[in-house]
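Visitor: I have a model open and some questions about how its parts pack. Can we go through it?

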Amino acid sequence: LSIEEEKKMGDKFLIAALRQLKLIQDQEVVGYQNKVGQRLVNHLDVYIFPYHFYVVDSNVLNAFAAPAGHVFINRGLIEMMDDEGELAAILGHEIAHVQSRHISERMARSKKLNLATLGGILAGIFLGGEAGAALMQGGMAASSSMQLAYSRQDEEEADRKGLLYLEAAGYQGEDFVRIMKKMGQDSWQSGGRIPGYLTTHPGVPERVNYLATTLETRPKSLRARKGRIGDPEGFKLMQAKLIGSYHNPPSEAEAILREWLKQPANKAMADYAMGLLLRREGKMEAAVNSF
């Protein structure tokens, strides 16, 4: 595809996919993620698309890049992160898919499908669960999803480039290894809860080893540790808003926040998030007390 064709495809895909995806519009959430994403974009040597970052209201652990610079990350994946560096690592990897034009190459191979159908198929792949399965009904959708899945070669290229983008922006390469390990942990696979990332981004365990080895075998001059950058309070505020206002079921959100309350450093954000949760449930007096 030419650059102009991909831009047109990106615009049309966005309209089609957004019919299937529920986006979070909260400006503190979206603004924070955009700040991190643009920090990475600002350190690219060259880029041909403007980048836009979206948060999808879904528990499924996943992120994906649509054609022409549209990058989506699911709420559930952000909720299980520990800091801004892990968020930057995932965004950097998805930016690398766009820079490498992986998804546009795969969409070009499926040109027999119209964009609305492709939008539904991609949304189904990345949503996962029952909602995703409903969108993936039919032989054409199932066969096309195989064509649209990333290859291991795509993933390795996106990992290499994403690591470079991450460190150029001032984050640490270890952030990438840490978040990838989390998504490959057995705990996420118990009871059939396999993260969407493990199915749409193949070879996660092998890539963790590859990334860790790459970092360990670098010259000492490249391994000098820098001070951590970012906005820890801003990151925790974003997580508090996601869990308190959007996480479902509410009982699960409450359990997460009870764990937060056990950590003195998180108590203020936990009280705030609990207030949001109580307000969502209509328990206004208790919400006011929590606030």
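Guide: What follows covers a helix pair, then a sheet.

Guide: This is a predicted model, where local features need pLDDT of at least 70, side-chain atom pairs count only at pLDDT 80 or more, and totals for chains, interfaces and linings use all residues. Residues are numbered from 1 along each chain as its sequence is written, and side-chain values use heavy atoms, leaving out hydrogens and water.

Visitor: At what angle do helix 13 and helix 15 cross?

Guide: Roughly 25°, with the axes of helix 13 (residues 232–245) and helix 15 (residues 267–280) coming within 8 Å. Axes are lines fitted to C-alpha atoms, for helices over the stretch in contact, and angles run from 0 to 180 degrees between N-to-C directions. Helices (H or I, at least four residues) and strands (E, at least two) are DSSP runs, numbered from the N terminus.

Visitor: Which residues of helix 13 and helix 15 meet?

Guide: Those in helix 13 include Leu237, Ala240 and Ile243, and those in helix 15 include Tyr272 and Leu276. Contact means heavy atoms within 4.5 Å.

Visitor: Now the sheet. What is the strand order?

Guide: The open sheet of three strands has the order 1-3-2, with mixed pairing. Strands pair if DSSP finds at least two bridges between them. Strand 1 (52–56) and strand 2 (63–66) are the edges, each pairing on one side only.

Visitor: How many bridges join strand 1 to strand 3?

Guide: Five, and strand 1 runs parallel to strand 3 (residues 70–74). Tyr54 stands opposite Phe72 in strand 3.

Visitor: What does helix 4 lie across?

Guide: Helix 4 (residues 84–100) lies across strand 1, strand 2 and strand 3, at about 30° to strand 2.
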